[in-house]
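Please open the structure in your viewer and keep the selection tool at hand. The tour below moves from one selection to the next and says what is there.

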Amino acid sequence: MKTINDFNFKDKKALVRVDFNVPQDDQLNVADNTRIVAVKPTVEKILNDGGSVILMTHLGRPKGEAKDEFSLKHILGEVSNVLGKEVKFVDECIGEKAEKAASELKPGEILLLENVRFHNEEEKGDEGFAEQLSKLGDAYVNDAFGTAHRAHASTAVIAKYFPSTKYFGLLMAKELQAIDKVLKSGERPVTAILGGSKVSTKITIIENILPAVDNLIIGGGMAFTFIKALGGKIGTSLVEEDKLPLALEILGKAKEHKVKVYLPSDVIIAESFSNDVERKEADIYAIPEGWMGLDAGHKSRDQFNDVLLNSRTILWNGPIGVFEMSNFSGGTVALGESIAEATRLGAFSLVGGGDSVAFVKQFGYADQVSYVSTGGGAMLESLEGLELPGVAAINN
């Protein structure tokens with residue numbers, strides 16, 4: 001893997017694609033700076049070499065129009081604050097103004113370009129636009145794992161204009177190494193936990209990871225499709241009726257690969273999808289009519305805990321209950337605790353996918369697992385076995 005550690009940036013301008021598509025509050029201030037913090041090691045390495053850094057990113061979906069609410073000037077202060085030095089800003093990303101700002105940049109300085117998605121050509125992967133961007137730097141660095149699954153001008157196409165000076169940033173390298181650890185080089189036993197609401201969104205992931213894992217824990221809403229396929233009574237729980245044959249097929253494939261599949265044995269049920277309703281525990285195969293399962297029960301939590309404490313590599317994608325409602329968060333909290341304990345015992349744990357990442361941040365588990373992925377869609381496509389355009393562009 002060709003990373004920035006393979007190059008000395010002394011007196012070089014590094015054009016670094018980052019993912020600063022950060023959440024903002026009503027005043028357009030940065031509400032969560034995780035993605036900015038994540039690229040700090042890459043920026044510091046380049047500056048310590050004696051190089052300068054030109055940052056390019058998108059923010060939101062301006063759809064090719066220069067809209068003030070999506071201007072990067074609103075996040076400039078936070079970028080400067082996190083990186084620990086004043087970051088210059090230019091309100092264009094291509095053309096004379098951008099080229100002048102880049103050419104005047106001195107070693108040790110950082111420049112932030114305006115939102116690349118103010119130009120339609122970015123999302124179209126336009127070669128002319130990519131070539132104009134490439135004029136700004138001497139080397140290209142991709143440190144934007146969150147957009148690595150997009151074949152956009154600044155995330156993939158631009159790399160062709162840097163045939164011998166294109167590199168992965170340190171964040172990108174960590175993301176790829178974490179996924180490789182789960183799918184290829186991880187210490188066994190390897191356990192994957194897949195939760196969330198629908199089997200249909202996880203089919204390709206399940207099929208791709210079966211040869212790599214020893215245990216598969218299936219929880220959340222998607223578990224009910226499997227339980228019903230196995231003949232269980234699931235009341236009014238979430239189910240994908242058209243995926244019942246597929247659920248049985250997946251269980252058959254798991255058996256072929258000698259993968260042990262763990263489904264919840266009991267659930268916390270309620271009569272409606274609401275936090276403040278009567279709830280009770282039930283066997284997952286015998287949920288009464290008119291009741292729905294909203295969280296994993298205590299027996300299930302204990303069983304999952306036993307599996308996880310005996311695992312050496314863990315992948316977690318998707319909650320196993322409606323953790324957004326406090327009365328149905330217990331199962332996912334217990335799962336988080338089990339993964340944290342397994343990690344303390346020496347297991348490698350990777351958490352990825354929007355809801356799981358939101359959970360570990362909200363409940364304070366982000367520092368208790370080995371790695372929290374910064375890229376939802378990119379990580380899922382990697383787990384599906386797809387080569388990401390942003391990765392292929394550097395490797396090829």
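In the loop between which two strands is S154 found? Select S154, and you will see that the loop lies between strand 5 and strand 6 (166-168), where helices (H or I, at least four residues) and strands (E, at least two) are DSSP runs numbered from the N terminus. Before going further, note that this is a predicted model, in which local features need pLDDT of at least 70 and side-chain atom pairs count only at pLDDT 80 or more, while totals for chains, interfaces and linings use all residues. Residues are numbered from 1 along each chain as its sequence is written, and side-chain values use heavy atoms, with hydrogens and water left out.

**Around S154**

S154 is buried, with a relative accessible area of 0%; here buried means under 20% relative accessible area, exposed means over 50%, and partly exposed lies in between, computed with a 1.4 Å probe on protein chains only. Leaving aside residues up to four places away in sequence, S154 touches R17, M56, V116, E122, L133 and Y140, contact meaning heavy atoms within 4.5 Å.

**On to D138**

Select D138 next, in the loop between helix 6 (127-134) and strand 5 (139-142). With a relative accessibility of 37%, D138 counts as partly exposed. Its side chain reaches the backbone nitrogen of K13 at 2.7 Å, and, not counting residues up to four places away in sequence, D138 touches D11, K12, K13, F162 and T165. Although D138 and D11 are 127 residues apart in sequence, they are 9.5 Å apart in space, C-alpha to C-alpha.

**Helix 3**

Colour helix 3 (residues 76-83) and pick out its buried residues, which are L76, V79, S80, V82 and L83. Seen down the axis of helix 3, these residues fall within an arc of 165 degrees, so they line one face of the helix; the arc is that of the directions from the helix axis to the C-beta atoms. They pack against helix 1 (34-38), helix 2 (40-49), strand 2 (52-56), strand 3 (88-90) and strand 4 (110-113). Just after helix 3, G84 takes a positive phi of about 75 degrees.

**Strand 7 and its partners**

Move to strand 7 (residues 190-194), where five of its five residues are buried. V190, A192 and L194 point one way from the strand, whereas T191 and I193 point the other way. Strand 7 runs parallel to strand 15 (residues 313-317), joined by five bridges, and the bridge partner of V190 in strand 15 is T313. Strand 7 also pairs with strand 8 (residues 215-218) in the parallel sense over four bridges, two strands counting as paired if DSSP finds at least two bridges between them.

Finally, select the three strands that form an open sheet in the order 12-11-14, with antiparallel pairing. Strand 12 (279-283) and strand 14 (292-296) stand at the edges, each with a single partner strand, so one side of each is left without a neighbour in the sheet. Strand 11 (residues 266-270) pairs with strand 12 over five bridges, and V267 stands opposite A282 in strand 12.

Terms used
A polar contact is a pair of N or O atoms within 3.5 Å; within protein, one must be able to donate a hydrogen and the other to accept it, and residues adjacent in sequence count only if both atoms are side-chain atoms.
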